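Here is a short report for a reader meeting this protein for the first time. Please look over the sequence and the model before reading on.

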Amino acid sequence: MWGELIQEIRVAQTGVQILFGFLLTVVFTPKYAHLAHTDQVIYIVTVVLGSCATGALIGPVSLHRLVSGRRIKPQAVRIASRLTFVGLVLLLTTMTAALLLVLRVATHDDWVPWLVTAVVAWYLACWFGVPLWTRRRYTTR
């Protein structure tokens, strides 16, 4: 189970690290100074969420390194799995906030919250709905 978990984390880590790296550069662009206060707050919240998501998704790697050889693999897998789940939830919120910010700045339209809500519903369906449905449908009793 540990090997599968690490493979899953690699996919999520890459995405969150690229997103977080991009977010860190935004504050240094000339456009940032001209953002509305609300958009600056959304940006700050997005960066903090991205930082937390990065920490949660890198945490299992550190956990593995620090407990390796201590004969607590079942506990380590369980804790790493929980950290990964938290990281995915934080990644979902980071992507939601980033999408909200980008669409607010790009369009200034009233339909932005509706579009963001639709995308979040899609994320929830893909990341949690389909896996939970599959688990329930195909798990033997």
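## Annotated segments

According to an unreviewed UniProt entry, the annotation "transmembrane region" covers residues 12-29, 41-63, 83-105 and 111-133. The coordinates shown here are a predicted model.

Two of these segments can be described in the model. Residues 12-29 are 83% helix and 0% strand. Their end C-alpha atoms lie 27 Å apart. Residues 41-63 are 100% helix, again with 0% strand. Here the end C-alpha atoms are 33 Å apart.

## Overall build

The protein has 4 helices and 0 strands. Read from the N terminus, the order is α-α-α-α. Along the principal axes, the C-alpha atoms fill a box of roughly 55 × 35 × 15 Å.

The protein holds 141 residues, and 31% of them are buried. The accessible surface is about 9,600 Å². Carbon and sulfur atoms supply 67% of that surface. Now take the contacts with a separation of 6 or more: 75% of them join residues 24 or more positions apart.

## A buried threonine and its contacts

Which residues does Thr 94 touch, beyond its neighbours within four places in sequence? The contacts are Leu 19, Leu 23, Thr 46, Leu 49, Gly 50 and Ala 53. Thr 94 itself sits in helix H3. Its relative accessible area is 0%, so Thr 94 counts as buried.

Another buried position is Ile 6, with a relative accessible area of 15%. Ile 6 belongs to helix H1. Its C-alpha atom is 7.7 Å from that of Val 61. Along the chain, Ile 6 and Val 61 are 55 residues apart.

## The salt bridge

How many salt bridges does the structure hold? The count is 1. Asp 39 and Arg 104 form a salt bridge, with their closest N and O atoms 2.5 Å apart. Asp 39 lies in helix H2 and Arg 104 in helix H3, so the pair ties together parts that are 65 residues apart in sequence.

Are the two partners buried or exposed? Asp 39 is buried, at 5% relative accessible area. Arg 104 is partly exposed, at 30%.

## Aromatic pairs

The model contains 4 aromatic pairs. One of them joins Tyr 32 and Tyr 43 in an edge-to-face arrangement. Tyr 32 lies in the loop between helix H1 (2-26) and helix H2 (37-67), while Tyr 43 lies in helix H2, so the pair ties together parts that are 11 residues apart in sequence. Tyr 32 and Tyr 43 are both buried.

Trp 133 and Tyr 138 also pair. Why is their pair edge-to-face? The planes of the two rings stand at 90°, and the cut-off for this class is over 60 degrees, so the pair is edge-to-face. The ring centres are 6.0 Å apart. Tyr 138 has 53% relative accessibility, so this residue counts as exposed.

Phe 85, Val 86 and Val 89 make a nonpolar surface patch of about 240 Å². Phe 85 lies in helix H3, which spans residues 73-107.

How accessible is Phe 85, and what is its relative accessible area? The value is 46%, so Phe 85 is partly exposed.

## Positive phi in two loops

Most residues other than glycine have a negative phi. Two residues here take a positive value instead. Arg 71 is not a glycine, yet its phi is about 60°. Arg 71 lies in the loop between H2 and H3. With a relative accessible area of 81%, Arg 71 is exposed.

The other residue is His 108, with a positive phi near 55°. His 108 is found in the loop between H3 and helix H4 (112-138). Its relative accessible area is 63%, so His 108 also counts as exposed.

Conventions: Residues numbered from 1 in each chain as written. Predicted model: local features only at pLDDT ≥ 70, side-chain atom pairs only at ≥ 80, totals over all residues. Heavy atoms only, no water. Patch = residues over 30% accessible without salt bridge, like charges linked within 9 Å, V, L, I, M, F, W, Y side chains within 5 Å. Areas by Shrake-Rupley, 256 points an atom, 1.4 Å probe, with all protein chains shown as cover. Salt bridge = Lys/Arg side-chain N within 4 Å of Asp/Glu carboxyl O. Buried < 20%, exposed > 50% of the residue type's maximum accessible area, 1.4 Å probe, protein only. Phe/Tyr/Trp six-rings, centres within 6.5 Å; stacked < 30°, edge-to-face > 60°. UniProt positions renumbered as here; feature names shortened; annotations may be inferred. Contact = heavy atoms within 4.5 Å.
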